[in-house]
Amino acid sequence: MKNLNDFQEEIYKCSRCGLCQTVCPVYKVTLNECSVSRTKFNMLNGILKGDLTLNKKILEYMDLCLGCNACKEFCPSNIDAREIFTAVKAQYYRYKHIPFTNSYSFFKMLLITAGAALIVYRSLKLDIITNKLFYGINNFLLKRILLFNTLAKKLLPNHTKKTAAHSQKTKKAVFFKGCFNNYINNDSANAVKKILENTDIEVIEKPFECCGISLLSSGLEKEFLKIAKHNLSLIPQDCDYILTDCASCSYVLKSYEKYVPSDITSKVVSILDLIKDKKISVVKEKIKITAHKPCHDDFDFITLLKNIENAEYIEAENFDKCCGFSGKFALTHQNISREISKRKAKDILQTGAGFVLTNCPACKLGLNQGLIELNARKPVVMNVAEFIAKYCEVK
Ligand code: SF4
Ligand code: SF4
């Protein structure tokens with residue numbers, strides 16, 4: 001992984017014009033200049049000149065960022081703030097003892113515990129009961145329970161249907177399910193399998209770990225490299241696709257080659273990419289849909305949504321701006337995250353759509369977080385693949 005010194009020229013390119021301030025979602029909520037990339041570059045400049053040292057306080061400022069890269073898109077010098085902040089965090093942690101609570105083992109333990117708790121929670125129908133009791137009450141804890149309920153809700157049955165005969169399958173896709181499907185709620189994985197069941201694509205599953213996005217963005221380099229190598233070792237050489245149902249997984253898998261020798265980038269595809277040329281139609285009554293485009297997404301699923309027959313796509317204001325969740329940020333900066341999600345949800349409600357579609361499980365949480373803040377039970381938040389598998393016909 002690179003060091004701060006490797007970005008010296010990039011940082012010097014910053015003219016302090018302040019355009020990044022106008023788009024930074026964290027700044028818009030906090031009005032804290034330290035959240036803006038220009039100010040962070042000033043601090044990093046101080047370290048490069050030897051006036052400041054890379055310490056815990058500086059790291060806190062690097063963490064005051066969603067990694068949405070809105071600033072890069074707007075920056076006249078096209079400076080990749082997300083990459084620079086990640087490298088700085090990695091440099092800080094490189095020779096430090098990493099506490100267990102920051103390790104991948106701890107993260108995995110939390111996922112397994114949450115998954116097990118959800119099975120019990122679902123079977124006791126606690127999600128249904130608490131949804132009835134808690135909606136509309138402005139209490140932080142109750143709103144957290146309502147958000148947890150969105151993880152419990154099952155939209156699709158487990159996919160058990162036999163797929164087409166092996167001989168009819170001419171292509172192989174190794175399915176990178178991601179940790180949400182593995183531990184929390186496998187609706188999206190069921191949707192992928194259902195969509196591909198009658199195609200010529202064979203779906204292969206392997207015991208992958210998480211893609212590593214939270215480790216990468218936290219600068220936990222050793223832990224990230226360990227799981228990246230593990231995941232890469234499981235990818236069959238002869239597969240045609242490395243299939244994902246999540247924009248963040250796609251983004252990280254495509255980034256592996258920056259950190260570990262690999263040649264998988266060209267094979268990484270979204271399930272939506274595989275069906276973009278098919279005719280997709282909503283089967284029953286006409287449905288109004290809107291969308292949220294994840295910050296990490298590089299596949300244009302909005303065009304796909306606009307082409308779904310019997311669905312009316314209504315574009316939400318700021319549909320491509322960050323939902324405010326961004327993994328660990330939602331835990332470490334809860335109030336900022338909730339406020340950004342709330343603003344996002346206001347734009348979505350304006351559309352009057354019955355469904356808001358996205359392709360990242362963390363964004364689903366961000367959208368639900370915002371809607372719950374506004375006491376809104378609708379629209380229903382779904383992954384695009386889940387929506388297609390549940391309501392559409394694909395030919
Ligand atoms: S938009 Fe780019 S050049 Fe302008 S202040 Fe921000 S980081 Fe610097
Ligand atoms: S990446 Fe997003 S949150 Fe971070 S400084 Fe840039 S605009 Fe702000």
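Is Lys279 buried, partly exposed or exposed, and what is its relative accessible area? Lys279 is partly exposed, with a relative accessible area of 46%, where buried means under 20%, exposed over 50% and partly exposed in between (1.4 Å probe, protein chains only). The model is predicted, so local features need pLDDT of at least 70 and side-chain atom pairs pLDDT 80 or more, while totals for chains, interfaces and linings use all residues. Residues are numbered from 1 along each chain as its sequence is written, and side-chain values use heavy atoms, without hydrogens and water.

**View 1. Lys279 and Glu309 form a salt bridge.** The closest N and O atoms are 4.0 Å apart, a salt bridge being a side-chain nitrogen of Lys or Arg within 4 Å of a carboxyl oxygen of Asp or Glu. Glu309, at 39% relative accessibility, counts as partly exposed.

**View 2. Glu205 pairs with Lys193 in a salt bridge.** Their closest N and O atoms are 3.1 Å apart. Because Glu205 lies in strand 2 (residues 201-205) and Lys193 in helix 12 (residues 187-196), the pair ties together parts that are 12 residues apart in sequence; helices (H or I, at least four residues) and strands (E, at least two) are DSSP runs, numbered from the N terminus. Lys193 is buried, at 19%, whereas Glu205 is partly exposed, at 38%. Together with Lys177, Lys193 and Glu205 are linked in a network of salt bridges.

**View 3. Lys72 meets Asp80 in a salt bridge.** The N to O distance is 3.9 Å. Lys72 is partly exposed, with a relative accessible area of 25%, while Asp80 counts as buried at 15%.

Technical notes:
Chains lettered and ligands numbered in written order.
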